Amino acid sequence: GASGLPMDKLMIGTGCCALPDTIRLTKAALAAGADNVLMLPPFYYKNVSDEGVFDVFARTVEAVGEDRLRIYLYDFPQMTGVRFSLDLIDRFLDSFPGTVVGIKDSSGDIDNMRAILKRFPDFGVFAGTERYLLDILRDGGPGCISASTNLTAPMAAEVYANWQADRADALQESVNAVRTAIEAAPMVPGLKAMMARSSGDSVWTAMRPPLMKLSAAKAEALAEALAATEFRFAEAA
């Protein structure tokens, strides 16, 4: 795209609480040259039916009306209170072949990811954490989509490149140790603090409420925890 971003790899998050917002954002993503969108289901109302969730995606596909649209479902039940059941995924694939093409599964439930891969082998199942990168690759999935790969990308890339090698498990364990440390920070403030440290740019520590910036003491403790793993900070520019 004109932005210089790799549009074939970019997924724009367009799933909102309100259907008109989802449609508007999805149209805007395509207008900007990003055909891949990552869609949360509407997450205000809980315990909604599969039929209701299906209708949201059906109306979005219809309203956007672009054959180049590629939808990746964003399954994050801890946040949304909504699950994409296997039967619902089956209906999406039947109704919108070539349009609904994958899922980011942030449930943390590797058995669920495996069940999707087993039933739909050609469906792009991405783990929502690099913790399950090796498992996903071994089961025929494409990889992971994870915020913490902003820090762990070089280590995760080693797993990706060597997933069939004898050392794959050891590489994955090294990644897991880093992920565990970041999660305990808590996750997003800890990740931002370490991005600032790695890049030498303090702008990374800026947080949008209700999330709050990590204290200096906690940032130092996290840096020490990371030093005990295989993780190495990038040389600050």
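Helices (H or I, at least four residues) and strands (E, at least two) are DSSP runs, numbered from the N terminus, and by that convention Asn47 falls in the loop between β2 and α2. This is a predicted model, in which local features need pLDDT of at least 70 and side-chain atom pairs count only at pLDDT 80 or more, while totals for chains, interfaces and linings use all residues. Residues are numbered from 1 along each chain as its sequence is written, and side-chain values use heavy atoms, with hydrogens and water left out.

- An open sheet is formed by 6 strands in the order β1-β2-β3-β4-β5-β6, with parallel pairing, where two strands pair if DSSP finds at least two bridges between them.
- The edges are taken by β1 (12–13) and β6 (143–144), each of which has a single partner strand, so one side of each is left without a neighbour in the sheet.
- As background, strands of a sheet pair through backbone hydrogen bonds, either parallel or antiparallel.
- Strands β1 and β2 pair in the parallel sense over 2 bridges, and Gly13 has Leu38 of β2 as its bridge partner.
- Strand β2 (residues 36–39) is joined to β3 by 4 bridges, and these strands run parallel; here Val37 stands opposite Ile71 of β3.
- Between β3 and β4 the pairing is again described as parallel, over 5 bridges, with Tyr72 opposite Gly102 of β4.
- On to strand β5 (residues 124–127), β4 is joined by 4 bridges in a parallel arrangement, and the bridge partner of Gly102 in β5 is Gly124.

**Burial of two strands**

- In strand β3 (residues 70–75), 5 of the 6 residues are buried, so this strand is largely enclosed by the rest of the structure; buried means under 20% relative accessible area, exposed over 50%, and partly exposed in between (1.4 Å probe, protein chains only).
- Strand β4 (residues 100–105) likewise has 5 of its 6 residues buried, so β4 too is largely enclosed by the rest of the structure.

- Helix α1 (residues 19–31) packs with helix α2 (residues 50–64) at an angle of about 45°, their axes being 10 Å apart; axes are lines fitted to C-alpha atoms, for helices over the stretch in contact, and angles run from 0 to 180 degrees between N-to-C directions.
- That angle makes α1 oblique to α2, since angles under 35 degrees count as roughly parallel, over 145 as roughly antiparallel, 65 to 115 as roughly perpendicular and the rest as oblique.
- The crossing of α1 past α2 is right-handed, a crossing being left-handed if the near helix is turned anticlockwise from the far one by less than a right angle, and right-handed if clockwise.
- On the α1 side Leu19, Thr22, Ile23, Thr26, Lys27 and Leu30 meet Val56, Arg59, Thr60, Ala63 and Val64 of α2, where contact means heavy atoms within 4.5 Å.
- The residues of this contact of α1 with α2 divide into 6 nonpolar, 3 polar and 2 charged; Ala, Val, Leu, Ile, Met, Phe, Trp, Tyr, Cys and Pro count as nonpolar, Asp, Glu, Lys and Arg as charged, and the others, Gly among them, as polar.
- Helix α1 also lies across β1 and β2, running at about 155° to β2.

**Helix α8 with α10**

- Helix α8 (residues 168–183) and helix α10 (residues 216–227) pack at an angle of about 170°, with their axes 9 Å apart.
- That makes α8 roughly antiparallel to α10, and the crossing of α8 and α10 is right-handed.
- Val178, Ala181 and Ile182 of α8 make the contact together with Leu222, Ala225 and Leu226 of α10, and by class this contact has 6 nonpolar, no polar and no charged residues.

**Individual residues and peptide bonds**

- Asn47 has a positive phi of about 55° although it is not a glycine, and at 74% relative accessibility Asn47 counts as exposed.
- Glu173, which lies in helix α8, is exposed, with a relative accessible area of 55%.
- Ala153 belongs to helix α7 (residues 149–161) and, at 35% relative accessibility, counts as partly exposed.
- The peptide bond from Ala185 to Pro186 is cis, with omega near 10°, and Pro186 is found in the loop between α8 and α9 (187–199).
- Pro209 and Pro210 are likewise joined by a cis peptide bond, with omega about 15°, and Pro210 lies in the loop between α9 and α10.
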